[in-house]
Structure formats: structure tokens, C-alpha cells
Amino acid sequence: MRSSSRGARRSAAAVAVSAVLALTATACGDDGSGSSGDKGAEGSGKGEITFWDNNGGVRTDIWKEIIADFEKANPDIDVKYVPIAATEYQSKVDTSIQAKGLPDVGGVGAAMLAGFAAQNALEPLDDRLGKSSLNGKLNDDMVKSLKAAGGGGAEDSTLYSVPTSANNGVLYYRTDLFKSAGLDAPTTWDKFYEAADKLTDKDKNAFGYTIRGGAGSIAQALDAMYGQSGITSFWDNGNEKTTVNDPKNVAALEKYTGLFKKVTPAADLNNDFTKMVAQWDSGTIGMLNHNLGSYQDHVKALGADKFRGIPQPVGPGGKRVQVSNPVDGLGIFKTSKNKDAAWKFIEFATEKAQNSKFNESAGQVPSNNDAGKDAWVAEAEPTKLAAEALTDGSTTIVQLPYYLPDWNTISKTDNEPAFQKVLNGSLSEKEFLDTLADQLNEAQGEWNEQKG
């Protein structure tokens, strides 16, 4: 397991970059006014543009509503909406970069940003934002986060994505089940583990927790690790060596993975967030780790009086440590031949009214500062508590290295299957984390060399 996948990742990257260099103008959404070439064109600002949603299905209804509003305000622009599941989006874009079939505009979150930027697939947006009515109205931290994630690793790097929202890890728990069992809210890790055990009754198909074993499992596991260990930095030794396999993190992961099948359903091994959320909403499971995005799903399924969504438990010394959640955003693909119309769509979607509408539906923190002042933000308890936890000094954020072009490959393709082996008991937690550390240290070293 400790063998590196460096060669495979480099080969894939080389193919992708070669394909990008060979691109011709075949992007979606040409209204006939653009010119050929892989740099795309401004276009006439009219006609059809294609928009790829990076969380299709989950956000389809709200995006259709925003698109209808946009087309009403801009009758000379038609938006072709393409919903793509979050678990499939990166591979779809990577494939389309090589196949010369990118849309005009699409969801570009921090976790995938560096990989797309490294393939020269995205349009720089600094100048457009600087001349826009949005300039100065977007959350500065979110803008800086996306700039840093674009591959430069610094807040003054190029902006390739305009932020739409920020997420945060949330521990959802069933208040009705906790009350019946005489349990306190799981505000500490000790109380979390106590509740997970006490709420489990396998004969009645009742479980204390649902663990994420399918797509997206690594970020959740890292959150649990760092939250328990109290380690506050992803890198050590001059930003050259990762802390993921620190003995404290190994011990924390061992305790966390020990929950599988003991206090969780066996189906968790393959569950991504949609299956995990649906399972929690329909059953008698006590706790669920997800993020603000599933809040409205829980309200619809359970009613607001049967659950709460609180910040992650506090760990050693009463301090909360959690890993960073990626900021989501919208970007223009460089091959678009109607960039003017694509930018109009991004501007419209991130202005106050639409940004507020989107984030109220998603249960996330708005990027538009004026939208963030709307009443619903204070009324949605998980969003309110998340915002407070991030600003009141109670929480330390361990910044994940989204700037590494290999980050998504390492954290998903290489290690999600390995994490399932850990849950099944065929791979030790230490071996898993040592392999992950080897890959991350290598990727960081390569990035440092290129930067230097």
C-alpha cells in the first residue's frame, strides 16, 4: 500500500495538458459570433450559453429558478442547463478538456480548481470582477480562498472562480432520540462516542451514527481525525511534511473507524452523501456528519423540531479543530466563444437577491455580503451557529491543500478505495495514513519545486 502513484498521476496530467494545448474552438454555446481557437472569444453577449451544475439533482430546482429569472432579465440570452452529480463532475470536466467539449460556464469549487487551472481550462476573472458591480460586494475571505486554491497557493494569485457560497462541517443529531435516551447534546467527542454507543440497538435496526464510506469519505475522516487530535496544521517542517500520519491522528482515526458496523449500518461502506443523508432522514440513526448543504433535506424529512445541526464537537482543551470546507463558485471555461454572456450569468447569479435565494435553498453561507445580512441566515440555526463558530475564536481551521493539482486525485481516486479497506479491516489505519502522507509529501515537494 505504500507504493506511490506518482507515475500514474504525472502520466494523466501530461495527457491532459497535451490535450489542452491541442484544443480547437469546439466549446458549447457558440452564438455564431465567436472566432476559432482554444482561447475562445468574447462573443456578442447574446445567444445560447451552456451551464454545467457541479451538484446536479441536489441543486437543480433552485438553479432552474435562477436561470428563469436570468432569462427574463436577459431575453436575448438562453441558458442550457446541464445537471451533473457532484461525484461525477470532476471526471466529466477532465474528460471534456481532452475531448474539446467544455461548456461556457460551470461550477468550479476550491477542491477541483487547481486541477482545472493546471490544464489551462479556465478564464482568469480578476479584470472582469474589478470592472463589475460585484467588486467589493463579495466576501473577501471567500475570494482569497479561491485565489489561493487556483494553484498559486497565495491570496494574491489569479482568480478563476467567483464565489457563490461557503460550507461548513455540521454534526446533525436527532433531538427526539437524544431526549428519549437521556443524552446531552454531542458537543464534545466524548459525548459523541457515548451517544453513538447508547443509541445503537441492532435488533431494532437503530444505530448511533452513520459513517461515510463511499465517495467523499476522505474529507470526513480527516475532519474527525484533526478534531480529536487537536493538531492545527496540515503541514509541518517548513510546509514540507504533512501531519496526516502523526501518531495522534493515527490513534484518532483508529477510534473513528472502529465505529463501523459496531454503531453504524453495514451499508455505510459504499454510501456517498446522498445515500447517507437519505438513510439518516428515513431511519432511526442518531447522528450524521455532513455539512450545511443538507439542512433543508432534513427539515423536509423530519421537521425542524426533531433534529439540530451544530458545529463539530470540541476536542482537547475545549478547542474545536476542523478541516477547511471548500468554497464553491462559478467559472468561465477558456474555450467558451460567448464569454460576455457567460460573465453576465455569473454576475446575475451572485448578486444579492439570487445569491440569497440560492444559499437559503442550499442552507449555506452566502458569498454576497448583502445577502449574508438577510433574515433567513440568522433563522437557519446550523448556518447561524456555523458562522458564529468561524468568527468567535472558538474554532481553528486546518487548511487542506486544494492548491495542489494532485489533491483531488490523491484524496479521491487513490485513497477512497483504500479507506474502504480500512473499514473492512484489511488495511491498518497507520498503513493507510502513511501511504497518504507519502503521496502528499511528494506532491507538495513537486509543487514547491515548480513554485520556486
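Student: Why does Glu381 count as partly exposed?

Tutor: Its relative accessibility is 30%, and partly exposed is what lies between buried (under 20%) and exposed (over 50%), with a 1.4 Å probe and protein chains only. So 30% lands in the middle class. Arg308, at 28%, gets the partly exposed label too. Bear in mind that this is a predicted model, where local features need pLDDT of at least 70 and side-chain atom pairs 80 or more, while totals for chains, interfaces and linings use all residues. Numbering runs from 1 along each chain as its sequence is written, and side-chain values use heavy atoms, without hydrogens or water.

Student: What makes Glu381 and Arg308 a salt bridge?

Tutor: Their N to O distance is 2.8 Å. The rule wants a Lys or Arg side-chain nitrogen within 4 Å of an Asp or Glu carboxyl oxygen, so the pair qualifies. The partners come from distant parts of the chain, 73 residues apart: Glu381 sits in helix 16 (residues 381-391) and Arg308 in strand 10 (residues 307-310). Those elements are DSSP runs numbered from the N terminus (helices H or I, at least four residues; strands E, at least two).

Student: How do you know that Lys357 and Asp69 form a salt bridge?

Tutor: The closest N and O atoms are 2.5 Å apart. Lys357 belongs to helix 14 (residues 352-362) and Asp69 to helix 2 (residues 60-73), so this bridge ties together parts 288 residues apart in sequence. Both ends are partly exposed: Lys357 has a relative accessible area of 23%, and Asp69 has 26%.

Student: Where in the chain do Asp374 and Lys352 sit?

Tutor: First the contact: they form a salt bridge, with 3.1 Å between the closest N and O atoms. Asp374 is in the loop between strand 13 (365-366) and helix 15 (375-379), Lys352 is in helix 14, and they are 22 residues apart. Lys352 is partly exposed at 36%. Elsewhere, shared partners join Glu42, Glu123, Arg128 and Lys339 into one salt-bridge network. The whole structure holds 15 salt bridges.

Student: On to rings. How many aromatic pairs are there?

Tutor: The search finds 23.

Student: Why is Tyr209 with Tyr256 called edge-to-face?

Tutor: The centres are 6.1 Å apart and the planes make 70 degrees. Phe, Tyr and Trp rings (six-membered for Trp) pair within 6.5 Å between centres; under 30 degrees is stacked, over 60 edge-to-face, the rest tilted, so both tests are passed. Tyr209 is in strand 6 (residues 207-210) and Tyr256 in helix 10 (residues 247-257), so parts 47 residues apart are tied together. Both tyrosines are buried.

Student: What makes Phe234 and Trp407 edge-to-face?

Tutor: Their planes are 85 degrees apart, with 6.2 Å centre to centre. Phe234 lies in the loop between helix 9 (217-229) and strand 7 (235-236), and Trp407 in helix 17 (residues 407-414), so the pair spans 173 residues of sequence. Phe234 is buried at 3%, and Trp407 is buried at 5%.

Student: Which residues form one aromatic cluster?

Tutor: Phe51, Trp63, Phe70, Tyr81, Phe345, Phe348 and Phe358.
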